[in-house]
Amino acid sequence: MSSLVINTIRRQCLSQFRGLFLQRPSTVLSRGLRVSYAAVTQRNNTIKDDFSLLEATNNPDQFGTLSPQVDEPETLDEGDLREQDFLQNKPSTAQKLSVRQYADLIKDHLKNNRIREALDVIEVRMKQDRVKPVNYHFNLLIGGCARVGYSKKAFQLYNKMKQHGLKVTGGTYTSLFNSCANSPFLGDGLNRANHLREVMLEKGYEPNESNYNAMIKAYGRCGDLKTAFQLVDEMVARRLSIGTDTFNFLLQACISDHEYGFRHALLVWHRMHRMRIRPDRYSFNLLLRCVRDCQLGDLETTEQVIEQILSDSIGSRSQVKLPIAEENEQRTSETSVMPLPAKVDSSSEVVTIRQELSERLRHEGAPDLLSPVPHLGSLVKLGEVRKSEDRLLLLGGSSNMFAEMKRCGVEPDIRTITELLDVIPPTYAAEKQLLATIKQLKIRCDVDFFNILIKKRSMRFDYEGAREVLYMIEAANLEPDIVTYGVLALGCQTQEEAKSLLKMMHDADVRMNIQILGAMLRQGCAKKNFRYVTEILNIVRRERLKPNEQFLGHLEAFSKVCEKQDRDYDAKPRKKGREEFKMEYNRYRMQLDAWREHMGLQGLALDQALGIVREHPWEQFKEPQAEGFEKTKNPKLRHKHKRQHSIRKVDVDAIVDQEEGTKGVGLVH
């Protein structure tokens, strides 16, 4: 009975509970969740109360540590963003250009000397467009970097070209050697040229004529004349044609040797005659540059070279190969390009050569080592040939130079005249004769010619005659440029003259630069004018100009001279002018120290200061050009297309000789 009652009560309770659950299930579940969440929260709070994060981290008895909650980063990783952008933002077909269009972009930038923008076409634009460059694009960029001497970037592009699996062509090697030739660092250029030549040998690549010419140019400009002439021997051995361009590059190699270059140039020039290769205008310009910059070397070897040239011109057989002979044993480090004397067949020919040679040596008149039949004329002593005008006389003078150009069918241009102006004697008579020749040949002059004329007169301290060239520029319908004011600054001996020139520049809306102020500083230091030098320093500070190496060199040399004079005055206290010098010198030193401190050069030696102000020649190619950069705003390109006008309005007869005592220039109205 009791069990029956208990079972009945149990069934009633279960039915009531089931009905309650079916009627309000959400209420019961939510109540249970709230209870469970409250329990968990209470337990977590208890843990936080019992253990701090620091204790939990450093507790050796606890397995693991409680990591603090880290918020999600506000910005994603840069690499993830790039990857996401690369996957999601695919360039459209219209955005991509053709191979020719990308090449045209590169050509346009290179034409306007925008090296950074040209490189960005491959390194930025084509990457964004997901277009693989071809070897034509790389060759364009390597050639552009080679023209400006950016050899480091040129070889980087060459390595990228190989990484892309692109074919390296002969034009690529030519451009790389050109980058070595134009590099501002001769040692680096020579090392790169040697490495590239080894690579070509390892790959079994046989250079063509353009490659050889580029190699001769690179080794010659970097100062390795021996290798340059050995390359010519290789061209002869491989029966490649040797033309005027090859000899022009050899003449460039001669220019790099300032001590023996003129002697090398004579040998190269007469080898052209014997090989019946006609020189062009560029050959004559290079020869004049050799006359200006290079010396004869030791007299004994030079006499042997000239005697060999005279002997070979008489009856020797023409030789094709250019052998090389070493200098004397005393100069084992220096090499002299000396072709071997020609062989003769019989003793009768030897007698004939000696007789004709003796007749030429007795020939009266100016020497002529330029023509195919050279002679020494009335030259007395070779040791007296020291200056450029003396070396020009060995070639027969300017008149013989024009005659030889006419014989070779070459017409001189304004560059030839400008090079010749640098080597003629520094007299009014020589300048007058050259101006008359310009009028006779109807050569159109540019402002560079007159700038050289101003500089030539300033260097011989004829400052009045230098300023008179401004009237000649005006008569030729030309306008002075920044270089004109720079060479005029060489004649500013006083503060008043410097202020007058600066005012002239201001009126012409020409901004001064550190080169012009450096020329003025040179004059102030030469005159020991402390106030003049101080004024130049104040202008540099006021105009916020950066001093260059020449500017600091003038200051350093001037300081040494002043220190020596100061010690001399200390040794002789009663010497006249001591007090005045001391007062001016002490004031100058105080102002110089303040200027150095303002420029950040205080307490630095000359080498350290030069390291600060020296600008790396490749930095200009690592930054993009300013906005609005156009062809007409590029000074280098504008220089190539300078205005050229005739000087017919210049009255040459009014330019009287220096010996007559009066000078001037007349204008035909």
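Okay, quick one to start: is helix H22 largely enclosed by the rest of the structure or largely open, and why? Ten of its 13 residues are buried, so H22 is largely enclosed by the rest of the structure. Buried here means under 20% relative accessible area, with exposed over 50% and partly exposed in between, using a 1.4 Å probe and protein chains only. And when I say helix or strand, I mean DSSP runs, H or I of at least four residues for helices and E of at least two for strands, numbered from the N terminus.

Before I go on, a word on what you're looking at. This is a predicted model, where local features need pLDDT of at least 70 and side-chain atom pairs count only at pLDDT 80 or more, while totals for chains, interfaces and linings use all residues. Residues are numbered from 1 along each chain as its sequence is written, and side-chain values use heavy atoms, with hydrogens and water left out.

The overall picture, then. The protein chain has 31 helices and four strands. It runs to 669 residues, of which 42% count as buried. I'll say contact a lot, and that's heavy atoms within 4.5 Å. Taking the contacts in the chain with a separation of 6 or more, 69% are between residues 24 or more positions apart.

Back to H22, residues 447-459. From first C-alpha to last it reaches 18 Å, close to the 18 Å expected at 1.5 Å a residue; that expected span is 1.5 Å times one less than the number of residues. Its buried residues include Phe449, Phe450, Leu453 and Ile454, but also Asp448, Lys456 and Arg457.

Lys455 touches Val487 and Leu490, leaving out residues up to four places away in sequence.

On the H21 side the contact is made by Tyr428, Glu431, Leu434, Leu435 and Ile438, and on the H22 side by Phe449, Leu453, Lys456 and Arg457.

The largest nonpolar core has 151 residues, and Phe449, Met520, Phe551 and Leu555 touch the most other members. A nonpolar core is a set of buried Ala, Val, Leu, Ile, Met, Phe, Trp, Tyr and Cys residues joined through side-chain atoms within 4.5 Å. Take Met520: leaving aside neighbours within four places in sequence, its contacts include Ala489, Cys492, Leu501, Tyr532 and Ile536.

Now over to another enclosed helix, H13, residues 244-256. Eleven of its 13 residues are buried, so H13 is also largely enclosed by the rest of the structure. Among the buried ones are Thr244, Phe247, Phe249, Gln252 and Cys254. Helices H11, H12, H14 and H15 are among what covers them.

One of those covering helices, H11, holds Lys217. Is Lys217 buried or exposed? It's a lysine at 14% relative accessibility, so Lys217 counts as buried. It touches Phe249 and Gln252, along with Asn178, Ala181 and Asn182, not counting residues up to four places away in sequence.

Asn113 has a phi near 65° and is in the loop between H5 and H6. Asn477, at about 60°, is in the loop between H23 and H24. At 18% relative accessibility Asn113 counts as buried, whereas Asn477, at 41%, counts as partly exposed.
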